[in-house]
Amino acid sequence: MKPPSSQIVLVRHGETAWSRSGQHTGRTDIPLLEEGKRMGAALSAPLKAWRFDAVWTSPLSRARETCALAGYGGAAKLRPELMEWDYGAYEGKTAVEIRSQLPDWTLWRDGVPQGETADQVRARVDPLIAEARQAGGHVLLFSHGHLLRVFAARWLDLPLTDGRLFTLGTASISVLGWDGNQPVLVSWNDTTHLRE
């Protein structure tokens with residue numbers, strides 16, 4: 001079991017054109033906007049509160065560039081497990097567009113045609129959580145909105161679908177940790193560094 005002081009710090013990538021418009025951005029490699037680049041650089045100061053033993057990033061450019069702008073590009077290990085949920089036929093569509101055809105649709109309950117199932121996402125995330133718990137210290141992850149929400153739910157030993165309860169802004173910082181042997185949520189969706 002990890003020492004109580006070890007934490008997993010989750011960072012969602014900076015803003016892209018599709019994150020701004022609300023389009024589902026799974027495997028499409030959308031670059032950061034200029035605002036997204038500013039957000040990435042603004043992560044540097046608050047992340048200095050930790051000394052990280054491991055830095056992992058999604059290989060998609062929006063996460064990798066956010067990682068580099070925050071000052072961790074040289075230390076980061078590319079982790080395909082951190083790629084966003086594969087939205088299949090819903091890639092590039094907004095929830096409003098999808099709900100015009102399926103009014104009660106949610107990703108968490110209904111999934112996506114021709115994309116990843118919830119079980120497939122869980123199969124990527126659960127081993128990564130086990131590895132993070134054994135890393136020996138603080139771990140920094142750069143990834144994507146839905147994937148990080150799944151990671152948080154599974155860290156807390158909740159069903160994957162409970163990721164629906166955690167919203168994440170772009171370039172947000174969230175912290176997972178321990179209370180004794182109990183995995184806990186320390187802080188969530190912190191964007192105060194973007195207002196400074």
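Select the strands of the open sheet, whose six members follow the order β3-β2-β4-β1-β5-β6 with mixed pairing; here strands are DSSP runs of E with at least two residues, helices are runs of H or I with at least four, and both are numbered from the N terminus, while two strands pair if DSSP finds at least two bridges between them. This is a predicted model, in which local features need pLDDT of at least 70 and side-chain atom pairs count only at pLDDT 80 or more, whereas totals for chains, interfaces and linings use all residues. Residues are numbered from 1 along each chain as its sequence is written, and side-chain values use heavy atoms, with hydrogens and water left out.

At the edges, colour β3 (76-78) and β6 (182-190), each of which pairs on one side only. Go next to β1 and β5, which run antiparallel and are joined by four bridges, and find V11 opposite I173 in β5.

Then show I8, W56, W85, L141, F151 and W155, which touch the most other members of the largest nonpolar core, a set of 33 residues. Such a core consists of buried Ala, Val, Leu, Ile, Met, Phe, Trp, Tyr and Cys residues joined through side-chain atoms within 4.5 Å, buried meaning under 20% relative accessible area (1.4 Å probe, protein chains only). To this core α8 gives the most, with seven residues.

Technical notes
Buried means under 20% relative accessible area, exposed over 50%, partly exposed in between (1.4 Å probe, protein chains only).
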